[in-house]
Amino acid sequence: MKAFLYSLLVAATLTSCSKADEAVNIQNLNQEFISAWNNKDSGKINGFLAEDVSFVQGSAHWKGKGEVSQKWVNETLPTISGLKTSVVSSSTDANTAYEAGTFAVDVLPAAPGEPRGFGEGNYIFLWKKGADKTWKLSYAQLEDLPVQRRN
């Protein structure tokens with residue numbers, strides 16, 4: 001939890017001097033990203049990733065689009081559905097944007113006959129505007145609770 005709060009503080013510091021007329025709508029950007037997850041569109045998800053993206057979840061820390069795409073997107077996408085987020089904090093400026101909050105997701109059975117699960121936790125997404133003016137996910141951190149069994 002301390003790491004999550006530290007990440008929020010860093011993100012808030014990076015975006016504290018914002019100009020609304022130059023900022024991206026972070027809620028719309030994250031909704032596009034979440035919709036791609038829920039539609040299982042790995043091509044679109046990977047298209048959102050920056051070349052130097054970092055992903056942190058527990059002891060896992062992956063760097064670079066190739067590694068994050070393989071170990072987070074491609075390996076996780078078939079195992080979840082119904083991703084929902086609830087925003088706690090967000091901010092933008094001309095070149096960075098972040099959103100942080102809680103998430104909930106259905107965890108699909110690993111094999112036939114096994115129960116479904118329910119996962120939840122905290123997230124932070126940090127986006128950066130590239131030289132080509134497109135917004136890319138630069139940093140993603142998830143802190144999740146143990147998966148709960150669904151009846």
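Of the 29 residues in the largest nonpolar core, those touching the most other members are Phe33, Trp37, Trp72, Phe125, Trp127 and Leu137. Helix α2 (residues 26-38) is the main contributor to this core, giving six residues. Here a nonpolar core is a set of buried Ala, Val, Leu, Ile, Met, Phe, Trp, Tyr and Cys residues joined through side-chain atoms within 4.5 Å; buried means under 20% relative accessible area, exposed over 50%, and partly exposed in between (1.4 Å probe, protein chains only). In soluble globular proteins, nonpolar side chains tend to be buried together. Residues are numbered from 1 along each chain as its sequence is written, and side-chain values use heavy atoms, with hydrogens and water left out. The average pLDDT (the predictor's confidence in each residue, from 0 to 100) is 88 for the chain, and 85% of the residues score at least 70. Residues 4-21 have a pLDDT below 50, although this stretch has 28 contacts in the model beyond near neighbours in sequence. Where pLDDT is low, the predicted coordinates should not be read in detail.

Turning to the overall fold, the chain contains four helices and seven strands, arranged along the sequence as α-α-α-β-β-α-β-β-β-β-β. Helices (H or I, at least four residues) and strands (E, at least two) are DSSP runs, numbered from the N terminus. Of the 151 residues, 40% count as buried. Among contacts with a separation of 6 or more, 61% involve residues 24 or more positions apart.

Strand β1 (residues 49-57) has two partners, where pairing requires that DSSP finds at least two bridges between the strands. With β6 (residues 135-144), β1 runs parallel over five bridges, and Ser54 has Tyr139 as its bridge partner there. With β2 (residues 60-63), the pairing is antiparallel over four bridges, and Gln57 stands opposite Ala60. Two residues lie between the strands of this β1-β2 hairpin, where Gly58 takes a positive phi near 60 degrees.

Three salt bridges are found in the whole structure, each defined as a side-chain nitrogen of Lys or Arg within 4 Å of a carboxyl oxygen of Asp or Glu. Glu51 and Lys65 meet in one of them, at 3.8 Å from N to O. This pair links distant parts of the chain, with Glu51 in β1 and Lys65 in helix α4 (residues 65-76), 14 residues apart. Glu51 is exposed at 61% relative accessibility, whereas Lys65 is partly exposed at 23%. Within α4, Lys71 forms a salt bridge with Glu67, the closest N and O atoms being 3.2 Å apart; because these residues are four apart in the helix, about one helical turn separates them.

The salt bridge of Asp106 with Arg150 has its closest N and O atoms 3.3 Å apart. Asp106 belongs to strand β4 and Arg150 to the segment after β7 (148-149), so the pair ties together parts that are 44 residues apart in sequence. Asp106 counts as buried at 17% relative accessibility, while Arg150 is partly exposed at 37%.

Finally, Asn95 sits in the loop between β3 (80-92) and β4 (96-107) and is partly exposed, with a relative accessible area of 45%. Beyond residues up to four places away in sequence, Asn95 touches Trp127, Lys128, Lys129 and Trp135.

Methods. Predicted model: local features only at pLDDT ≥ 70, side-chain atom pairs only at ≥ 80, totals over all residues. Contact = heavy atoms within 4.5 Å.
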